[in-house]
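Hi,

Here is the structure I promised to send over.

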Amino acid sequence: MTSPWTPLNSTPSRRVFFRPLGITESNFYWDGVFNSTADIVVHAHLRSTQTNDPDIHSQPNVIRSWASVKRRFPLVAAEVQEYESGLRFILREEAVTRLRPADVTFKEINSLHHAESFINNIMDGPRPLSSQLLARIYVLRRTDRNDHFHIVIIIAHCVTDMPTFLDTLSSRMEPPYVPLDERVHMYQPLESRLSYGNLPLVKRRWRRALGYAIFTVWMTKFKLRNRAEALNQGGHTLPGNFNQSTFNTPAKARSHVSIFSSKVSSVILSNCRRHSITMNSACFALSQVALARVLCRRYIRGQISEEEWDYRKRQPMHFTGGLNLRPYQDTDWLQTGGSGDVGINISFFWYTLPFMPLGEMSKGDASKLELVDGAPDFQALMSFDRFLLRCANAKAQAQEMFKHPRFVDICTAGHDRVASTRKVALNWLEMKDSVLPEDGHGVQRSVQSLDPIAMQRGSALGNMETVIPLDYPLSPDHELSPLRNAPHRHQAGYPTWSPPIDVVEDAKTPRLHIEYWRSHVHAHPAELYFGTSFANQQLQYFAFYDQHVFSEETVQEWMRELKDATMWYLGQSHDDKAPLQSKL
């Protein structure tokens, strides 16, 4: 596999490499220029497990750790330069080996609430990253609890979808690293690393052309112009404040999290396995019935017009789901650490489900229905059997896509939205200092005028403890540990070596425990993102959304309905109508 990186300077300790950004990377770069859109903020609330260990969040230790992360994952130290011919990554050895002024920032806070306010201020303020700084870290020391502190990592989506840091912070030693001149060649664009084996370049181009042709046929079937509109016609989403400038105005990014108890989580996952459904497919059907309850409540109150109600009840519902493309890339790269390396390796898939489930409510007469909290109950809207059918529908759509021989080529054919994202970003840069009407004062658009629109984006992330364990340093036999004496496909940036015995023994005593962590993704304009994850034996629901469009009250109402729907459909047995007695 030929590397696209080219040396610009070969002077020892001052080497410089460059390569063009791939299509997917370029999309996310221009998203980030658009006032942080798609930037990732990872917040970890940490506790020192040793009685007296102030060194762990000391300035020298944090600086050492961040420098270690950059040597292991040098792409996070890259910068992007804009040329007429396109975008380029510039990777300077000095940026990898030395600390830049904005790399690490220390602050003091007095509570968890203060930490969360800090996150919101980051989301609402000027972008803390730039084309010269694609990743940075904040250390928030607690004045109320000396053994607690917070790490906030901000990273541009164009360089990674999975940041890591904590094992290095908790370690007392520096492992060896793969040399930069070898390491840099591991970072190739997604489009260049797709698994084509030994196919000649001409045949690879034919495959990509075929993928694009199939993608175009699909879009023609949907009567659409490009992936940015990759939906069937129609669709609808939560009630929101859409106006003419919505899709050209950076989002006011907010998030909401809801957590099930470990006992209830176990019941939910057991019922998923029992009925051969995944949380991913279940979430789309649960989202539909949760939206139905929200809209029924508003319609009964007279807050939705007859015209809007008649439109919504006839619309299909569209969902965008995330895909991990790492397993479909170059096998050698994947097995030698690519599975756990930084880089952008994702795509998206589109699901369409029938109109929202309304049962007898579809006739618009709620007088004969028993209402629960102002809306028909779940059984009246969608029976358990209907729920399983919708889950099977979503699952079948995914299987049809995954089984297609040109699956990856079809997905990546739709990534090219560079021209549109660049135009939006540059127009915003030109106009951002202009005096614009306050949010909500534009002419409001009806739900009918939003055709086509997705209900939500989202994905089920699975068990996050395999990616972000809770205790550090990692045990020497852990697949992500630098002390592991055998290579692993998730272990990137470390050569095979034999660590000293005392270092191995020291790593068996935890120094850090994650009390809580959350990943925030800066929403796109008008975006509603819903995801699930599993950590600390608990199922978690989380939403990222644009508060310019969706009010906090509406999102919280919908999330409550989602949680209640999950309890009704998956938190109890439906075999004998005798519910399992579980409490949140």
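Predicted model: local features only at pLDDT ≥ 70, side-chain atom pairs only at ≥ 80, totals over all residues.

Which side chain meets arginine 297 in a salt bridge? The partner is glutamate 561, at 2.6 Å from N to O. (A salt bridge here is a side-chain nitrogen of Lys or Arg within 4 Å of a carboxyl oxygen of Asp or Glu.)

Residues are numbered from 1 along each chain as its sequence is written, and side-chain values use heavy atoms, with hydrogens and water left out.

Back to that pair. Arginine 297 sits in helix 9 and glutamate 561 in helix 17 (residues 552-570), so the bridge ties together parts that are 264 residues apart in sequence. (Helices are DSSP runs of H or I with at least four residues, strands are runs of E with at least two, and both are numbered from the N terminus.) Both arginine 297 and glutamate 561 are buried. (Buried means under 20% relative accessible area, exposed over 50%, and partly exposed in between, with a 1.4 Å probe and protein chains only.) Salt bridges with shared partners also join Arg293, Arg297, Arg298, Asp373, Glu557 and Glu561 into one network.

The whole structure has 26 salt bridges. Here are two others from the search.

- Arginine 254 pairs with aspartate 124, with the closest N and O atoms 2.6 Å apart. The arginine is in strand 9 (residues 253-259) and the aspartate in helix 4 (residues 112-124), 130 residues apart. Arginine 254 is buried at 16% relative accessibility, whereas aspartate 124 is partly exposed at 38%.
- Arginine 92 pairs with glutamate 79, with the closest N and O atoms 3.1 Å apart. They belong to strand 5 (residues 86-92) and strand 4 (residues 79-83) respectively. Arginine 92 is partly exposed at 33%, and glutamate 79 is buried at 13%.

Helix 9 (residues 279-300) also packs on helix 13 (residues 384-402), at about 130° with the axes 8 Å apart. (Axes are lines fitted to C-alpha atoms over the stretch in contact, and angles run from 0 to 180 degrees between N-to-C directions.) That makes helix 9 oblique to helix 13.

Cheers

Conventions
Parallel < 35°, antiparallel > 145°, perpendicular 65-115°, else oblique.
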